[in-house]
Amino acid sequence: MSRYRLVQKSRSKLMRALAKLPFVPASFMSSFWTTIGATIYVPTVYDHDRDWGQPSWIIRHKLVLDHEKVHVAQVERWGHVVHTLMYLGPS
């Protein structure tokens, strides 16, 4: 399976900048998991979990992480441009 890294959205300058865009919902930082390349950005609702990023935390969030890892694998397979067009382009 693909390698990935977890980053708290609150610690990411990119995520904080995206959150300020006028078309991004107010809940983007607190509720949405976001994957770009091999990085999975975790919503701020989990920032204060004592076991953040630890094996017990990863097990608790296995379903969503498995889903996000699919996107990591898609980027590896299709490349960034095609993947971005598939998700952000016209449907």
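The largest share of a nonpolar patch, four residues, comes from helix H5 (residues 80-88); helices (H or I, at least four residues) and strands (E, at least two) are DSSP runs, numbered from the N terminus. The patch lies on the surface and consists of Trp78, Val82, Met86, Tyr87 and Leu88, with about 530 Å² of accessible area together. Such areas come from the Shrake-Rupley method with a 1.4 Å probe, and for residues only the protein chains shown count as cover. Patches are made of residues with over 30% relative accessible area and no salt bridge; nonpolar side chains (Val, Leu, Ile, Met, Phe, Trp, Tyr) are joined within 5 Å, and like charges within 9 Å. A salt bridge is a side-chain nitrogen of Lys or Arg within 4 Å of a carboxyl oxygen of Asp or Glu. Met86 lies in helix H5 and counts as exposed because its relative accessibility is 52% (exposed means over 50%, buried under 20%, partly exposed in between; 1.4 Å probe, protein chains only).

This is a predicted model, in which local features need pLDDT of at least 70 and side-chain atom pairs count only at pLDDT 80 or more, whereas totals for chains, interfaces and linings use all residues. Residues are numbered from 1 along each chain as its sequence is written, and side-chain values use heavy atoms, with hydrogens and water left out.

The strands come next. Strand S1 (residues 5-8) runs parallel to S3 and is joined to S3 by four bridges, while S2 and S3 pair in the antiparallel sense over three bridges; pairing requires that DSSP finds at least two bridges. In S3, Tyr41 is the bridge partner of Val7, and Thr34 also stands opposite Tyr41. From strand S3 (residues 39-42), Thr39 and Tyr41 point one way and Ile40 and Val42 the other way, and all are buried.

A search of the whole structure finds four aromatic pairs. Rings of Phe, Tyr and Trp (its six-membered ring) pair if their centres lie within 6.5 Å; planes under 30 degrees apart count as stacked, over 60 as edge-to-face and the rest as tilted. Two of the pairs are listed here.

| Pair | Centre distance | Plane angle and class |
|---|---|---|
| Trp33 and Trp57 | 6.0 Å | 35°, tilted |
| Trp52 and Trp57 | 5.3 Å | 35°, tilted |

Trp33, in the loop between helix H2 (28-31) and strand S2 (34-36), and Trp57, in helix H3 (residues 55-60), are 24 residues apart. Both Trp33 and Trp57 are buried. Trp33, Tyr46, Trp52 and Trp57 form one aromatic cluster.
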